[in-house]
Amino acid sequence: MSHEPVEKIVIGRPMQPNGAPSENLVRVQQFVNRWRKVCPDIPIEYVDERFTSVLAHRAMLDGGLHKKARQNKALVDEISATIILQSYMESRRP
């Protein structure tokens with residue numbers, strides 16, 4: 001297994017549809033604060049994660065996943081994380 005250096009952490013910022021912070025933002029910030037104590041040299045960037053679960057469910061439907069698979073929260077979270085990272089990378093394109 002090869003290892004690559006970590007340049008940056010990209011993490012979703014939970015927001016309500018109106019742009020106000022979600023109640024989950026406090027937990028995310030607590031996690032980020034703990035992470036920064038352990039790895040202070042790795043920068044962390046937030047990405048608005050509004051609607052990523054909706055987009056994940058849409059991708060699951062479009063991919064033909066059955067209802068039981070679409071109810072798998074871990075799978076929804078994994079697809080949402082992929083969408084967040086993709087959004088971040090696309091926003092950095094020249």
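1. At the start of helix 4, a side-chain oxygen of Asn 72 comes to within 3.0 Å of the backbone nitrogen of Ala 74, where helices (H or I, at least four residues) and strands (E, at least two) are DSSP runs numbered from the N terminus. This is a predicted model, in which local features need pLDDT of at least 70 and side-chain atom pairs count only at pLDDT 80 or more, while totals for chains, interfaces and linings use all residues. Residues are numbered from 1 along each chain as its sequence is written, and side-chain values use heavy atoms, with hydrogens and water left out.

2. Helix 4 covers residues 73-91, and its 19 residues reach 27 Å from the first C-alpha to the last, close to the 27 Å expected at 1.5 Å a residue (the expected span being 1.5 Å times one less than the number of residues).

3. Within helix 4, the buried residues include Val 76, Ile 79, Ile 83 and Tyr 88 (buried means under 20% relative accessible area, exposed over 50%, partly exposed in between, with a 1.4 Å probe and protein chains only). Their cover includes strand 1 (9-13), strand 2 (44-48), helix 2 (52-62) and helix 3 (67-70).

4. Phe 51 lies in the loop between strand 2 and helix 2, and its phi is near 70 degrees, a positive value in a residue other than glycine.

5. Glu 23 sits in the loop between strand 1 and helix 1 (25-38), and is exposed, with a relative accessible area of 68%. Glu 23 and Gly 63 are 40 residues apart in sequence and 31 Å apart in space, C-alpha to C-alpha.

Methods. Contact means heavy atoms within 4.5 Å. A polar contact is a pair of N or O atoms within 3.5 Å; within protein, one must be able to donate a hydrogen and the other to accept it, and residues adjacent in sequence count only if both atoms are side-chain atoms.
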